[in-house]
Amino acid sequence: MNMLSSISSGVKTGLSLALLALVPGQVTQAQVTQAQAQIPPAHIPAAEAPSRIVSIGGAVTEIVYALGQENRLVARDTTSNFPAKAAELPNVGYARALSPEGVLSVNPDLILASEGSGPPEALAVLKQAGLAYVEVPEIYSATGVIAKIETVAEALDQHEAGAALVAQVSADLAAAQELALQAAGDRPKRVLFVLSTQAGRITASGTGTGADGIITMAGAVNAISDFAGYKQLTDEAIAAAAPDVILAMDRGGDHGLTKASLPSLPALMLTPAAQNGQLIRMDGALLLQFGPRAARTVKDLSQAIYGAAE
């Protein structure tokens, strides 16, 4: 049950108890049921549908566009860069470092925010401002992608479009994951996701991250399972992980990783992946956002791991 339906259910339950407590013995269950039916659904009624929406989170914004509701958007966050048209919207900042003033400056009537947006103090100010606020769950799996779509569709009162998008994305994900499992066979490869190589120190993904989720969906195994989240690894930990493939985001600077730089990183140079030149670089947004294009990500990553990695 999502947040909105939980609220609706709680209101109906509370109404039942309130009615029965106020006039015990005089209110029948049928009357309670009739009263419950008059409560508006958890989504916002069409007559009051929000028309000035701020979308926080790349996948959330992408879903709004996929539902054909982009005309209702007035702003987005820094991570919302797909489709390209989204970049023309005012930018209210990074999803995890929002400024209440920046968000409120566009006069929104609804905020759609990915779980994990923040900081908490900023969210508290936005909620106290009386704005409708919907948190979109962040679950790194095929089920999580569908939950995002359903939550956004419910908040926008787009049930038919939401159901159609869910059906299409579900079918695409099922097909992509089946192909990935076939490619992996009975010997899935071990993949190390490197978030940063700043100052020569390797920060990599453990369990419970977007990287961990997409590696699993692509038919491979996360080479690191000793901790959750992202942490710096010792050279010994990397050697023990013995990754067959190194996965990184396609970016430059001190955080970037290339085949040319692998030999200069002692922590990585002796791994099977580095010895065999098995480095995969992918667009970070496509790789980690778990939106409507997730099936494409699964397919591309699986092919890179099992068929296209050099």
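Which side chain makes a polar contact with the side chain of S55? The partner is T61, at 2.7 Å. A polar contact here is a pair of N or O atoms within 3.5 Å; within protein, one must be able to donate a hydrogen and the other to accept it, and residues adjacent in sequence count only if both atoms are side-chain atoms.

The model is predicted: local features need pLDDT of at least 70, side-chain atom pairs count only at pLDDT 80 or more, and totals for chains, interfaces and linings use all residues. Residues are numbered from 1 along each chain as its sequence is written, and side-chain values use heavy atoms, with hydrogens and water left out.

S55 lies in strand 1 (residues 53-56). Strands (E, at least two residues) and helices (H or I, at least four) are DSSP runs, numbered from the N terminus. S55 counts as buried because its relative accessibility is 0%; the cut-off is under 20% relative accessible area, with a 1.4 Å probe and protein chains only. Beyond four places in sequence, S55 touches residues including L73, R76, D77 and L112. Contact means heavy atoms within 4.5 Å.

L112 also belongs to the largest nonpolar core, which has 48 residues. Such a core is a set of buried Ala, Val, Leu, Ile, Met, Phe, Trp, Tyr and Cys residues joined through side-chain atoms within 4.5 Å. L112, V152, L247 and L301 touch the most other members. Leaving aside neighbours within four places in sequence, L301 contacts I214, I215, A218, L247, I280, M282 and L287. A second, separate core of 20 residues includes L192, I238, L268 and A273.

Conventions. Buried means under 20% relative accessible area, exposed over 50%, partly exposed in between (1.4 Å probe, protein chains only).
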